[in-house]
Amino acid sequence: GSEEKLQLVQRHVRAFPDFPKKGILFRDICPILKSPAALTAVIDLFEEHVRSHGWQVDLIVGLDARGFLFGPLLAQRLGVGFVLVRKKGKLPGTTLCVAYDLEYGTAEVEIQEDAVAPGQKVVIIDDLLATGGTLHAACELMKKQRAEIQGCMVVIELKDLKGVDRLKPHGVFSLLQY
Ligand code: PRP
Ligand code: ADE
């Protein structure tokens, strides 16, 4: 059942104090990727959420870099395509760009202009929600593309940083909360 899957996922997340900077407790999802069962559980839980909420999905949008680990697997499971939101300077052709703040730094994200067609329904995937800056920037990119955001999904939500508030009115579904 879902509870067993959640526990399996939880057992495959490690915490590293003071990485990449003093004061940051880094939540490491690498053990999930190393475990086929834990990785399958993540995708199962994401799929169950999409289906149980009746979300219509044309495309999964994944965030650079760790959203790329989960997004394509979910897209394949749902039988839809996957598009990349990348850090600035990585994508060829005409792109759209949005700047944002991180828990530790600043960055800009980009998407190819033709990645999403107006009116397409998307779900945005990342590994972790901290301040929400990254997912918010991705939502802004989707707005520029006139996509219809069904919701955002992450493996981990860091509750103290109130990223969920930042993303309103879009909802964020998370598997684990710290
Ligand atoms: C991390 C994480 C999320 C983002 C969350 O990525 O994977 O994408 O930070 O933080 P926020 O909610 O405060 O925006 P990071 O920018 O460290 O890049 P990486 O995925 O390339 O390691
Ligand atoms: N991205 C932003 N904050 C993070 C944290 N505490 N652990 C892992 N990834 C992060």
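Let's start where two helices touch: Ser2, Lys5, Leu6, Leu8 and Val9 of helix 1 meet Ala37, Ala38, Ala41, Val42, Asp44, Leu45 and Glu48 of helix 3. Here two residues are in contact if their C-beta atoms, placed from the backbone, lie within 7 Å. The residues of this contact divide into eight nonpolar, one polar and three charged. Ala, Val, Leu, Ile, Met, Phe, Trp, Tyr, Cys and Pro count as nonpolar, Asp, Glu, Lys and Arg as charged, and the others, Gly among them, as polar.

This is a predicted model, in which local features need pLDDT of at least 70, side-chain atom pairs count only at pLDDT 80 or more, and totals for chains, interfaces and linings use all residues. Residues are numbered from 1 along each chain as its sequence is written, while chains are lettered from A and ligands numbered from 1 in the order in which they are written.

Back to the helices. The axes of helix 1 (residues 2–10) and helix 3 (residues 36–52) come within 9 Å and cross at roughly 130° (axes are lines fitted to C-alpha atoms, for helices over the stretch in contact, and angles run from 0 to 180 degrees between N-to-C directions). Helix 1 is therefore oblique to helix 3, as angles under 35 degrees count as roughly parallel, over 145 as roughly antiparallel, 65 to 115 as roughly perpendicular and the rest as oblique. Helices (H or I, at least four residues) and strands (E, at least two) are DSSP runs, numbered from the N terminus.

Seven strands form an open sheet with mixed pairing, in the order 5-6-4-3-7-8-9; two strands pair if DSSP finds at least two bridges between them. Strand 5 (95–102) and strand 9 (172–177) are the edge strands, each pairing on one side only. From one strand to the next, the twist averages 25°. Strand 8 (residues 148–157) runs parallel to strand 9, and five bridges join them. Isoleucine 156 stands opposite leucine 176 in strand 9.

Of the 16 residues around ligand 1, Ala65, Ala130, Thr131, Gly133 and Thr134 come nearest (a residue is near if its C-beta atom, placed from the backbone, lies within 6 Å). Strand 7 gives the largest share of this shell, four residues. The shell divides into six nonpolar, five polar and five charged residues.

| Cis peptide bond | Omega | Loop holding the second residue |
|---|---|---|
| Aspartate 64 to alanine 65 | near 0° | between strand 3 (59–63) and helix 4 (67–78) |
| Lysine 168 to proline 169 | near 10° | between helix 6 (163–167) and strand 9 |
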